[in-house]
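I opened this notebook to record what I looked up in one structure. The entries follow the order in which I worked.

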Amino acid sequence: MENTDPQVRDQLCLSMVSGVGPLGIQRLLTHFSSAGRVLSASVGELTCVPGIGPTIAKRIAAARAEIDVDEQLRIADENSISILTPGCSNYPALLKEIPDPPAVLFVKGDLKEIDGLAVAIVGTRHASRYGLKQAETLGASLANAGFTVVSGMARGIDTAAHRGALKAGGRTIAVLASGVLAPYPPENKQLSEEIAAQGCVMSEAAPTMPPLSGMFPQRNRIISGLTLGTIVVEAADRSGALITARHAGEQNRQVFAVPGQVDNRLATGTNRLIRDGARLVTSIDDVLEELGPLSQETRRDDGTTIRDPAELSLNEIETQVLQAIEKGGSLIDEITVHTQIPVQRVLATVSVLEMRGLVRKVSGNRVVRL
């Protein structure tokens with residue numbers, strides 16, 4: 001099991017040192033190259049790292065003796081919780097790209113490669129009926145299109161987004177500020193179980209840890225970091241959803257916002273986001289138009305691959321033709337044989353795919369996938 005890997009154990013131990021934080025861990029790993037070397041370093045060596053003072057250095061130096069890693073591994077094993085570090089094969093690829101990726105992720109449920117095709121939906125806990133409807137509709141539409149819906153399982157907009165994805169039979173991920181065995185708010189315990197069965201619940205907090213106020217802003221970077229873009233549905237001036245939107249912008253991810261009435265307090269944040277350059281969203285089409293090609297190919301459970309979110313809106317024949325194109329390109333005749341679609345229909349479909357920027361014709365009858 002990956003949970004017993006010495007590197008995972010060291011990373012887990014380091015992540016549980018009080019006061020270090022994600023950026024501190026990144027600085028330590030950059031300086032020492034591995035969690036094992038960090039934990040073996042002297043107090044003097046540790047204080048050479050920017051942001052690491054004597055108090056935290058002493059905690060790190062004593063961590064192996066004072067932190068019960070075996071207990072955390074036992075809890076994880078008994079509750080079918082995976083422990084992932086950036087070195088694990090199934091650690092989310094998008095999350096590795098942010099400046100301060102979680103040193104450890106506790107995951108209840110299944111993470112899949114297709115979860116690289118994800119969009120976050122966040123917003124106020126005190127949502128209006130309009131906001132709840134928009135969040136649930138967008139969650140369902142994204143799930144139906146093949147996206148994984150990511151949110152924080154908070155009351156209001158987050159809950160509506162998760163429920164929309166679940167009702168559509170799609171995948172959804174909840175990122176918690178508490179441990180995955182202590183879901184917050186308490187009334188969403190059943191929802192967390194449904195999400196784990198149809199996606200996963202994750203946190204960088206130890207499984208039994210209760211929610212701490214400082215963890216909520218910190219977890220928001222994970223919500224945006226897991227996704228290609230973040231949609232904000234209803235947010236007042238100081239809403240935590242705006243922190244997630246800020247993280248998304250800093251992580252070079254798309255920011256979307258659903259407009260609201262100008263006299264609605266809950267729309268001040270979203271309307272300001274639109275004023276400042278966020279893409280206005282009235283339907284999933286606005287999201288598909290804005291999201292560009294993926295940084296790396298994503299594989300579906302059926303073996304087909306996605307290189308651009310726009311591919312999710314293709315019809316059955318367009319998808320067949322696109323998937324029939326080999327990595328080095330294919331001749332029209334080869335596509336026709338592979339798909340058993342008449343050549344004139346293949347030619348027409350290739351033209352449509354070319355207009356959508358998904359393929360390009362080269363050297364006569366050869367087509368390459370972009």
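**Entry 1: basis.** I noted that this is a predicted model, in which local features need pLDDT of at least 70 and side-chain atom pairs count only at pLDDT 80 or more, while totals for chains, interfaces and linings use all residues. Residues are numbered from 1 along each chain as its sequence is written, and side-chain values use heavy atoms, with hydrogens and water left out.

**Entry 2: the sheet.** I looked up the strand order and found an open sheet of 9 strands, E1-E2-E6-E5-E4-E3-E7-E8-E9, with mixed pairing. Its edge strands, E1 (81-84) and E9, each pair on one side only. Here helices (H or I, at least four residues) and strands (E, at least two) are DSSP runs, numbered from the N terminus. Two strands pair if DSSP finds at least two bridges between them.

Strand E3 (residues 118-123) runs parallel to strand E4 (residues 148-151), joined to E4 by 3 bridges. Val119 stands opposite Val149 in E4. E4 and E5 also pair in the parallel sense, over 3 bridges, and the partner of Val149 in E5 is Thr172. E5 and strand E6 (residues 199-203) are parallel and joined by 4 bridges; there Thr172 has Gly199 as its bridge partner in E6.

I checked the connections as well. E4, helix H9 (residues 157-167) and E5 form a right-handed β-α-β unit, and E5, helix H10 (residues 189-197) and E6 form a right-handed β-α-β unit. A crossover is right-handed if, with the strands pointing away from the viewer, the path from the first strand over the helix to the second runs clockwise.

Are the faces of strand E5 (residues 172-175) covered or open? Both are covered: Thr172 and Ala174 on one side, and Ile173 and Val175 on the other, are all buried. Buried means under 20% relative accessible area, exposed over 50%, and partly exposed in between (1.4 Å probe, protein chains only).

**Entry 3: Leu242.** I found Leu242 in helix H12. Leu242 counts as buried because its relative accessibility is 13%. Leaving aside neighbours within four places in sequence, Leu242 is in contact (heavy atoms within 4.5 Å) with residues including Asp237, Arg272 and Leu273.

**Entry 4: salt bridges.** A search of the whole structure gave 19 salt bridges, each being a side-chain nitrogen of Lys or Arg within 4 Å of a carboxyl oxygen of Asp or Glu. I looked up three of them.

Asp237 forms one with Arg272, with the closest N and O atoms 2.7 Å apart. This pair links distant parts of the chain, 35 residues apart: Asp237 is in the loop between strand E7 (229-233) and helix H12 (240-250), and Arg272 is in helix H13 (residues 268-275).

Arg74 and Glu78 meet at 2.8 Å, N to O. Both lie in helix H6 (residues 69-78), 4 residues apart, about one turn of the helix. Arg74 is partly exposed at 36%, whereas Glu78 is exposed at 55%.

Arg279 and Glu290 meet at 2.7 Å, N to O. Arg279 lies in strand E9 (residues 279-280) and Glu290 in helix H14 (residues 284-290), so the pair ties together parts that are 11 residues apart in sequence. Salt bridges that share partners join Arg279, Asp286, Glu289 and Glu290 into one network.
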